[in-house]
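Take a moment with the sequence and the 3D view below.

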Amino acid sequence: MLRLHGFPFSNYHNVVKVVLLEKVITYPLADEAYRAKNPTGKFPCLEIEDGTFLGESKVILNYLEDAYPDVPLLPENPLERARVRELMEVIDLYLEWPARSLYPEVFSAVGKVSDEVKSTARAGLAQGLTALKKLARFDPYIAGPQLSLADFSATFHFAPVAIASKAIYGENILGALPAVKRQRELMNRREMVQRVRAEQLADEQSFMQRRTT
């Protein structure tokens, strides 16, 4: 049996959790002791049946796709598979990552970020949005007609990006791409997304009280 460790407010944790649910994989949540066994000491962390530990959310997602192919979340065509992974990199590195530098002020009761950080993050977000416009298809899913890992990545990473950019800059930077809203509405109708989102929101108040340093 697989074991997953993380905390419910984390979007990275929730991308892995929702994919486990979509693939109908049974998993218990692990306890705090599993942090030390993860190679990076970070969350999420997945324990495989043989006791092996995997860290890094995209590594875990690719493992789940290879090990549990009955519910495919990547296309069969190698180029299309690469396109999905490319989208996931853009969402992670060029949208979520710049926005993450703003999170201490937005998702904490005690945090603050400098004007320099805000300026740098805004430039990074603009670059990410440009890449997203070029790569995303929204037909109706983000990578095309087939539901993919990129849709779950977008579902849980776009939400904090939108909240953070609105809070800091007065505008949701993803609002410049109306198809994002349509994809979000499509994904929010999925039972497993609703379940994970509810668990995430239930952890919000606890998360907001965590110190950022």
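Asn 11 sits in helix H1; helices here are DSSP runs of H or I with at least four residues, strands are E runs of at least two, and both are numbered from the N terminus. The model is a predicted one, where local features need pLDDT of at least 70 and side-chain atom pairs count only at pLDDT 80 or more, while totals for chains, interfaces and linings use all residues. Residues are numbered from 1 along each chain as its sequence is written, and side-chain values use heavy atoms, leaving out hydrogens and water.

Is Asn 11 buried or exposed? Asn 11 counts as buried because its relative accessibility is 5%; buried means under 20% relative accessible area, exposed means over 50%, and partly exposed lies in between, with a 1.4 Å probe and protein chains only. Its side chain makes a polar contact with the side chain of His 157 at 2.6 Å. Another polar contact joins the side chains of Asn 11 and Glu 96 at 3.3 Å. A polar contact is a pair of N or O atoms within 3.5 Å; within protein, one must be able to donate a hydrogen and the other to accept it, and residues adjacent in sequence count only if both atoms are side-chain atoms. Leaving aside neighbours within four places in sequence, Asn 11 is in contact (heavy atoms within 4.5 Å) with residues including Arg 100, Phe 156, Pro 160 and Gln 200.

Now widen the view to the helix. H1 covers residues 11–22 and has twelve residues. From first C-alpha to last, H1 reaches 16 Å, close to the 16 Å expected at 1.5 Å a residue; the expected span is 1.5 Å times one less than the number of residues. Twelve of the twelve residues of H1 are buried. They pack against strand E1 (3–5) and helices H3 (57–67), H4 (78–100), H7 (149–169) and H9 (191–202). Ser 10 caps the N-terminal end of H1, with a side-chain oxygen 3.4 Å from the backbone nitrogen of Tyr 12. Just after H1, Val 24 takes a positive phi of about 60 degrees.

Next comes the sheet. Strands of a sheet pair through backbone hydrogen bonds, either parallel or antiparallel. Here an open sheet of three strands has the order E1-E2-E3, with antiparallel pairing. E1 and E3 (53–55) are the edge strands, each pairing on one side only. From one strand to the next, the twist averages 20 degrees. E2 (residues 45–47) and E3 pair over three bridges; two strands pair if DSSP finds at least two bridges between them. Cys 45 stands opposite Gly 55 in E3. H3 lies across E2 and E3, running at about 125 degrees to E3; axes are lines fitted to C-alpha atoms, for helices over the stretch in contact, and angles run from 0 to 180 degrees between N-to-C directions.

Beyond its neighbours within four places in sequence, Phe 158 is in contact with residues including Ile 91, Leu 95 and Val 180.

Ser 165 is also in H7. At 0% relative accessibility, Ser 165 counts as buried. Its side chain reaches the backbone oxygen of Ala 162 at 3.1 Å.

Some backbone details stand apart. Most residues other than glycine have a negative phi, and most peptide bonds are trans. Yet a cis peptide bond joins Asp 139 and Pro 140, with omega about -5 degrees. Pro 140 is in the loop between H6 and H7. Phe 138 lies in the loop between H6 and H7, and its phi is positive, near 50 degrees. Glu 56, in the loop between E3 and H3, has a positive phi of about 70 degrees. Glu 56 counts as partly exposed because its relative accessibility is 37%.

Finally, step back. The protein chain has ten helices and three strands. Of its 213 residues, 48% count as buried. Among contacts between residues at least 6 apart in sequence, 68% join residues at least 24 apart.
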